[in-house]
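Work through the exercises below with the sequence and the model at hand. Each task is followed by a solution in steps.

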Amino acid sequence: MVLLLTTPPPSSSFSSLCLRHRNPPNYASRCGFVRCSSSVQEIQKPPVEGLSSDLRASEPLPPIRAPKRVVLVRHGQSTWNAEGRIQGSSNFSVLTKKGESQADTSRQMLIDDKFDACFASPLERSKRTAEIIWGGRNESIIPEYELREIDLYSFQGLLKNEGKERYGSAYRQWQVDAANFIIDGHYPVRELWERARNCWTKILAHDSSSVLVVAHNAVNQALVATAIGLGAEYFRCLLQSNCGVSVLDFIPRPEGGSPDICLNRLNQTPGSPVAGGKSGGRDTSKRIILVCNGSTQGNTENGFPFAGDHPMNMLGVIQSQKSAELLLDLKVSSIISSPKKACFDTAMTISKVQEAADCLGADCVPRYVELKQNGNLDIETIFQQSKMDLSNFPPIQPGWLNKIDDGLRTKLWDQSGKAWQFLLDEISDKSSEEGVLVAVAHPAIHIALMVHCLNLTKEWLGSFHLDEGSVSVLDFPDGPKGRGVIRCINYTAHLGRWSIPITRSTEDGEEF
């Protein structure tokens, strides 16, 4: 087994964001040795390109001729996951029974999709997950060594407490500043970002319209980040749970060049996205949950999603009830809603279920949940007042915010910034250590809020997608003043038979 890894020069700063239009840096070739903890042999590596500080996150991806959807899945729980052992790219860990069950759940989530190809990491835990999900399909699974998990060298095989004891400050840096983490002369996260970028070249070059990729936690994070143009400083900001499913849409541009890319879904998990668990390897008590209002009568009557202040139709009522049930086991501290009827009615449904949740037994007192309206969450008014011709506006689809004019995008961005600051102030003001805030609004404003959470700019608005009735979860392990971690985006499994499929058929050239 040969490891193809690079040894980049030290970099003092990873704070700058990399926009796609920037010119890629020059690269120098290097040659050296690699020692991996899962193998005692020293391996000669061939000359490869070095890394710059922006990790090529801004380099354009190769052009494509037709729309392509890529579905990423992390492997199920492994034996070393269960033991709390650092796996890295070692291959001594296998799926547990729980992990195989998770893989089967993901198989059922994806059973109706017409995948053309499946790429998978050759490591046993991902290979087995891919076999379960791929099932009886005729095409062979394509093993891709660069999809292996992050190379962690001497860390591999250690229990997490052993890593703390043996490596002290290095382990601490791995936890809080992974992009600059160095071990055995290597920068593992920087190397991973370069490898993920190379994987996209291979995946996009494959003659297919719908591709399944089964790999690992860190490499899937890197694949998502490099696709939408984020550098390695975003490691641990885009969560990948065991068997979590993420969906990326690649849309060719008429003029050619790098495709438009939209993160359609992030971390659709076999279990509930609001259940307890760590975020970015740390416990969290502060959380903002974004709930998109359900389908409205205006959607049915006018086709255009901003035609007026309409109440929810029957489908929307069901979607709001399902969202309330999903949040049933949480103690929501407050709900902030857009003043629009569909949003406020959704918020009221969640509030009533929350207040009644503690009264399912005898002699219980209803719990009060604060409910507020905030005008900055009302994005529909901006669209209605716009001079842009919206009569033939396309239905909401991945990347649709790229189609609005820059003036309208700027208004959306400025207003969403005020709404984001209001939400952060609200969750900061909660006296208790735990604080769960629910915000209910139109998908457009929630997309903007997620972009603010990641400290990006309005140019990223078209890089995310949300459906009606969906739920997204933002965690703050360092508190509201710290960096947010996105636990999931566009979760719809709670809607059951009324949900939008996690993937859509690409038969007969149908666009996404």
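**Exercise 1.** In which helix do arginine 409 and aspartate 406 lie, and how many residues apart are they?

*Solution.* This is a predicted model, in which local features need pLDDT of at least 70, side-chain atom pairs count only at pLDDT 80 or more, and totals for chains, interfaces and linings use all residues. Residues are numbered from 1 along each chain as its sequence is written, and side-chain values use heavy atoms, with hydrogens and water left out.

Step 1. Helices are DSSP runs of H or I with at least four residues, strands are runs of E with at least two, and both are numbered from the N terminus.
Step 2. Both residues belong to helix 12 (residues 406-428), where they are 3 residues apart, about one turn of the helix.
Step 3. Arginine 409 and aspartate 406 form a salt bridge, with 3.6 Å between the closest N and O atoms. The term means a side-chain nitrogen of Lys or Arg within 4 Å of a carboxyl oxygen of Asp or Glu.
Step 4. Arginine 409 counts as buried at 13% relative accessibility, whereas aspartate 406, at 45%, counts as partly exposed. Buried means under 20% relative accessible area, exposed over 50%, and partly exposed in between (1.4 Å probe, protein chains only).

**Exercise 2.** Find which parts of the chain are tied together by the pair arginine 128 and glutamate 100.

*Solution.* 
Step 1. The two side chains meet in a salt bridge of 3.6 Å, N to O.
Step 2. Arginine 128 lies in helix 3 (residues 124-134) and glutamate 100 in helix 2, so the pair ties together parts 28 residues apart in sequence.
Step 3. Arginine 128 is partly exposed at 30%, and glutamate 100 is partly exposed at 33%.
Step 4. Salt bridges that share partners join Glu100, Arg128 and Glu131 into one network.
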